Amino acid sequence: MNSQTLRLAVAARTHPHLPPRLCSAATASAARHMSSAPSNSGAHSGASNTKTNAHLEILDRALTKVNDLGWTQQAVISAANDLGYSGMASGVAENGGLGLVTHFMDRALDDTRIEVDDQLHEFDNTRDKLRFLCRTRLRMTQPYIRRWPEAAALLAQNVPVAMRYLGDLSSQMWYLADDKSTRIDWYARRSALAGVYLSSELYMCEDRSPGFQGTWEFLDRRFDDMDAAKDVSKKAVAFGEQFSRNLLNILASRGYVSR
């Protein structure tokens, strides 16, 4: 079973924020992959799968502790102790808070794909599909939004990791929106969408409006900006500069970095 499928299987049993409909989809997806996977009865393989499964269970439980303990090694160790995996705690927590952040980002992307699977056909154009995808993914961050600046600070200290995850998110969104082209502006368009998403997520960190209505309006304006820009390459660069400023300002306001 690959890592994505295993995350889905564990999610169906342990993830506290996955609605019943998504749990059913996750279980079905995992079952399909398991039924088609090559059989391996070796003892080493079984031990490895058990360890990986436990690893994911610990990180899922750690997510329930983020609002109290933050994106920290402490949250991971506490989760391991809760589940009776105290002997694994140091290994799972070796990447500290960053490992927990990247686990959440993997989980959130998986959950987003599941949730939109039977809904994207309701939208007539690519822009509306992308907007829906961004809203869905942003909702995955909502339960942790007051702690998200801490995660952003960890990512800002590990730029290659942040860029890899943000790039994957953007590419997946374009693909799910039925844009599978390989035109010369492929990277620029994905950079622009990544910018739309990132700026909206940072705005959400400071949003105190009911139901995050301010964030949804901000997201709509960013899509309007993206549509209005005629030079997609310049647009991507402008977005990147703006996001860098926004990220630093928000993190500085929370005391995570110096101006």
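Buried means under 20% relative accessible area, exposed over 50% and partly exposed in between, with a 1.4 Å probe and protein chains only. Ala108 is buried by that rule because its relative accessible area is 1%. This is a predicted model, in which local features need pLDDT of at least 70 and side-chain atom pairs count only at pLDDT 80 or more, while totals for chains, interfaces and linings use all residues. Residues are numbered from 1 along each chain as its sequence is written, and side-chain values use heavy atoms, leaving out hydrogens and water.

Helices here are DSSP runs (H or I, at least four residues), numbered from the N terminus, and contact means heavy atoms within 4.5 Å.

| Residue | Helix | Relative accessible area |
|---|---|---|
| Ala108 | H7 (residues 96-116) | 1% |
| Ser200 | H11 (residues 186-206) | 0% |

Not counting residues up to four places away in sequence, Ala108 touches Arg137 and Met140. The C-alpha atoms of Ala108 and Thr141 are separated by 7.8 Å, although the two are 33 residues apart along the chain.

With neighbours within four places in sequence left aside, Ser200 is in contact with Leu138, Thr215, Phe218, Leu219 and Arg222.

Now to a helix pair. The axes of H8 (residues 126-141) and H12 (residues 213-228) come within 11 Å and cross at roughly 145°; axes are lines fitted to C-alpha atoms over the stretch in contact, and angles run from 0 to 180 degrees between N-to-C directions. Among the residues making this contact are Leu138 of H8 and Thr215 and Leu219 of H12.

Methods
Helices (H or I, at least four residues) and strands (E, at least two) are DSSP runs, numbered from the N terminus.
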